Amino acid sequence: MKILAIETSCDETAIAILECEGDEKSAQFRVLGNALLSQIELHREYGGVFPALAKREHAKNLVPVLEAALEEAELLHEDTQAIPEESRSSIAGLLSREPDLAEAFFEFVGECEVPAIDAIAVTAGPGLEPALWVGINFARALALLWNKPLVAVNHMEGHIMAALAKSTDEELIIKDVPMPVLALLISGGHTELVLMKEWLSYKLIGQTLDDAVGEAFDKVARMLGLPYPGGPEISKLAEIVRSERFDLNASSQGRTLEFRTFEGELPRPMLTEATCDFSFSGLKTAVLYLLKKYPELNAREKQHLAHEFENAVTEVLWKKTARALEETGAQTLVIGGGVSANTHIRRAFTHSVTAQYPHVALRIPSPALSTDNAVMIALAGFYRASRKEFVTDIKANGNLSLA
Ligand code: KG4
Ligand code: ZN
């Protein structure tokens, strides 16, 4: 089954085309086309994602991204047949709020041969609703023009499937997944522990009571004067300290440091509570207080503060995940969402699972599949399409939940 998937929930406009084979027990995927346009540079000046801008950019980018994906998949062929008047007016209705997108749609898509795909998957939520709507209406317009079935995908299910997929040079493979699966989903909008007892059936085990972990990374980065998105920036600074640590231990023992290291100075929120819930707003505030107390941090001190922040986050994420592993008896652990791209979190989880839960299979997405993309939407779309969960009407739901 060939699936074309569309992702516009946040600040990436992405379309992928995958050849999917197999079933829930064992599935193989070949990425035929994968195109992505990131808006990060544009949002940087606002210090975060600006919804109205995201929506406008998706509308501008969808047709070029589609063209690139179809071309890569060798599915782009010209067609001179005119669009039947009835379809044309329905599509114009669907895209009426985006006149520029409608124009580009008729100009490009209207002149393409119907590609040999079997279904169209699109992110229905969670995410920014105005951004989601653009992708959904575009998907509906394509489905109507090409007469293909539509699947609505939960973005977080996409992150889970991306983590479960093992990549070889040629394929992505999802098989031999011991159930139940515990998923730690960490992104700009989410921090939750979800249990998948059997395929596609979820139970919420814990979640953040305030900020998402990615949001905390982004806000602390902003306080340190680092650009958006802050996660990778904090990680870069913290990694400098981690690599120096070896040198310090080896060569400069006994020397006193001339700068603050903030070691152990930040709180590890909620660790003593007997739940799997998280809280990150106190941690963020604690960073703010430290910055007020020491307003003149030098570059090294900023690196150390980033390092201490990353340590605090990682410790909380791991301890809560370990508690959830105990409580649920999960056999597989996956980490998904943009923050799962974090080098230290990946390393710490790999180390801790091996040392403390050797019977648990840890699955972490490849760095390219950690942050938002359309391949993950196609993966989840395949599972939904295999169950024939086709829809005719999709509504954007910014708060769509798995459980
Ligand atoms: O899943 P994602 O791409 O978009 C959402 O659905 O939110 O996640 C984006 C979040 C941002 O907060 C970003 O700062 C964070 O993931 N992020 C990271 C790293 N790369 C991205 N956080 C920590 N370390 C990273 N290397
Ligand atoms: Zn995401």
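Select Asn 147 to begin: this residue lies in the loop between α5 and β5 (150–154). Helices (H or I, at least four residues) and strands (E, at least two) are DSSP runs, numbered from the N terminus. The coordinates belong to a predicted model, in which local features need pLDDT of at least 70 and side-chain atom pairs count only at pLDDT 80 or more, while totals for chains, interfaces and linings use all residues. Residues are numbered from 1 along each chain as its sequence is written, chains are lettered from A and ligands numbered from 1 in the order in which they are written, and side-chain values use heavy atoms, with hydrogens and water left out.

**Stop 1: positive phi values**

Remain on Asn 147 and display its backbone torsions. Its phi is near 55°, a positive value in a residue other than glycine. Most residues other than glycine have a negative phi, and most peptide bonds are trans. Asn 147 is exposed, with a relative accessible area of 68%; here buried means under 20% relative accessible area, exposed over 50%, and partly exposed in between (1.4 Å probe, protein chains only).

Next, select Asp 176, in the loop between β7 (172–175) and β8 (181–186). The phi of Asp 176 is near 50°, again a positive value in a residue other than glycine. Asp 176 counts as exposed, at 57% relative accessibility.

**Stop 2**

Move to Gly 125, in strand β4 (residues 119–125). Gly 125 is buried, with a relative accessible area of 0%. Then inspect the peptide bond from Gly 125 to Pro 126, which is cis, with omega near -10°. Pro 126 itself lies in the loop between β4 and α5 (129–146).

For another cis bond, select Tyr 228 and Pro 229; the peptide bond from Tyr 228 to Pro 229 has omega near -10°. Pro 229 is placed in the loop between α7 (213–223) and α8.

**Stop 3: the two sides of helix α3**

Select helix α3 (residues 85–94) and view the helix along its axis. Ser 87, Ile 91 and Leu 94 are buried there. These residues cover an arc of only 55° around the axis, which puts them on the same side of α3; the arc is that of the directions from the helix axis to the C-beta atoms. On the other side of α3, Glu 85 and Glu 86 are exposed.

**Stop 4: salt bridges**

Turn now to charged side chains. Side chains of opposite charge can pair when their charged atoms come close. The structure holds 23 salt bridges, a salt bridge being a side-chain nitrogen of Lys or Arg within 4 Å of a carboxyl oxygen of Asp or Glu.

Select Glu 98 and Lys 55, whose side chains meet in a salt bridge (3.0 Å, N to O). This pair links distant parts of the chain, 43 residues apart: Glu 98 is in the loop between α3 and α4, and Lys 55 is in helix α2 (residues 51–72). Glu 98 counts as buried at 15% relative accessibility, whereas Lys 55 counts as partly exposed at 25%.

Select Glu 57 and Arg 56 next; their side chains form a salt bridge (3.8 Å, N to O). Glu 57 is buried, with a relative accessible area of 6%, whereas Arg 56 is exposed, with 53%.

Continue to Lys 236 and Glu 233, where the side chains meet in a salt bridge (3.6 Å, N to O). Lys 236 and Glu 233 are three residues apart in helix α8 (residues 230–251), and are therefore separated by about one helical turn. Lys 236 counts as exposed at 52% relative accessibility, and Glu 233 is buried, with a relative accessible area of 17%. Elsewhere, Asp 211, Glu 215, Lys 219 and Lys 284 may be selected together, as salt bridges that share partners join them into one network.

**Stop 5: a negative surface patch**

Finally, select Glu 78, Asp 100, Glu 103, Glu 107 and Glu 111, which form a negative surface patch. Patches are made of residues with over 30% relative accessible area and no salt bridge: like charges are joined within 9 Å, and nonpolar side chains (Val, Leu, Ile, Met, Phe, Trp, Tyr) within 5 Å. Glu 103 is exposed, with a relative accessible area of 52%.

Key:
Areas by Shrake-Rupley, 256 points an atom, 1.4 Å probe, with all protein chains shown as cover. Lys, Arg positive; Asp, Glu negative; His and termini not counted. Charge placed at Lys NZ, Arg CZ, Asp CG, Glu CD.
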